[in-house]
Amino acid sequence: MDTMRDRFISTASQLLDDDPRLAVVLAEISRDGFDRAARAHPDRVINVGIREQLLVGAGAGMALTGMRPLIHTFASFLVERPFEQVKLDFGHQGVSGVLVSAGGSYDWPAGGATHMAPGDVALIDTLDGWTVQVPGHPDEAEFLLRQAAAGEDKVYLRLSLQQNEHPRPIGGGTGFTPVREGGDGVVVAVGPMLDNVLAATEGRDVTVLYATTVRPFDAAGLRRAFGGRDTADVVIVEPYLAGTSTGAANDALAGLPHRVLGLGVGKAELRRYGQMDEHLAAHGLDPRGLRERISGFLDG
């Protein structure tokens, strides 16, 4: 199976052939994958080198001319390092584009903290008007990329090496998809966390909702999952900073007595970098850790 990043490269290269409005802007990362596209479209595949602020600024400049930029590098270099450019060059200037990250929270642990970005979605969440999408499979990543490339919105598409075994039908890609129904609370699994959540909740009478679009938050879908119940218990499992979406869930359930538990990557830096699976276990995001924490919350 190819990775989400592989699928981004192949899909974006095809889209460049089909849509003269599109451009790909790179900062060395994935440059080799776009060699053919760069030869075919030298004016629309731009590599700025290791200059991430320029990466975002150049993409925004293209957007000012009416182009639709697909701006790509690791999440830590796309959101965290050039955050001021994201805020001003896109938000303040009122233009749109598609930020496509790789690396997730800890896809390459050997790269250390400079290549880890568990806080990226929380940071984007401080800005107005961004759609944030977190696919769990390369097929979903392709669908969401095609949708974003054809649109007009500001989109952050977060790709990771962690992925579910099978893609899920995600409809228009904007709402939560029910995967399992039950009466003992609701667990929202974001993107690549779905398989672990399903394993962790096997045998429990819970509803599992699958989310690939987390902003805007599907408040109506979350409320709908509780039907006419008088109280609500919600667990949100995200592959980035724990608690990123608890505020949105609380707002969605205002007026209904409820509890919300946000599970995700902790704030403490793990300096024995190991492998991605070891980070998942250390943050309690493997099936065993999730089962313990979900059960403790729902049974408490």
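**View 1. Pro216 sits in the loop between strand E10 (213–215) and helix H9 (219–225)**. Helices (H or I, at least four residues) and strands (E, at least two) are DSSP runs numbered from the N terminus. The peptide bond leading from Arg215 into Pro216 is cis, with omega near 0 degrees. For background, most peptide bonds are trans. A word on the source: this is a predicted model, in which local features need pLDDT of at least 70 and side-chain atom pairs count only at pLDDT 80 or more, while totals for chains, interfaces and linings use all residues. Residues are numbered from 1 along each chain as its sequence is written, and side-chain values use heavy atoms, with hydrogens and water left out.

**View 2. Glu28 lies in the loop between strand E1 (22–26) and helix H2 (35–40)**, **and Ser30 is found in the loop between E1 and H2**. Phi is positive at Glu28, near 75 degrees, and also positive at Ser30, near 70 degrees. Most residues other than glycine have a negative phi. Buried means under 20% relative accessible area, exposed over 50%, and partly exposed in between (1.4 Å probe, protein chains only). Glu28, at 29% relative accessibility, counts as partly exposed, whereas Ser30, at 8%, counts as buried.

**View 3. The largest nonpolar core has 47 residues**. Such a core is a set of buried Ala, Val, Leu, Ile, Met, Phe, Trp, Tyr and Cys residues joined through side-chain atoms within 4.5 Å. Phe8, Phe34, Val237, Leu285 and Leu290 have the most contacts inside it. Helix H1 (residues 4–18) supplies the largest share, six residues. A second, separate core of 44 residues includes Leu78, Val79, Ile124 and Leu222. Back at Leu285, the contacts (heavy atoms within 4.5 Å) beyond four places in sequence include Tyr106, Met193, Val237 and Leu290.

**View 4. Helix H7 (residues 138–150) has 13 residues**. From first C-alpha to last, H7 reaches 18 Å, close to the 18 Å expected at 1.5 Å a residue; that expected span is 1.5 Å times one less than the number of residues. Among its buried residues are Pro138, Ala141, Leu145 and Ala149. Down the axis of H7, the buried residues fall within an arc of 160 degrees, so they line one face of the helix. The arc is taken from the directions from the helix axis to the C-beta atoms.

**View 5. Five strands form an open sheet of mixed pairing, in the order E7-E9-E8-E11-E12**. Strands pair if DSSP finds at least two bridges between them. E7 and strand E9 (residues 207–211) pair in the antiparallel sense over three bridges, and Thr177 stands opposite Tyr210 in E9.
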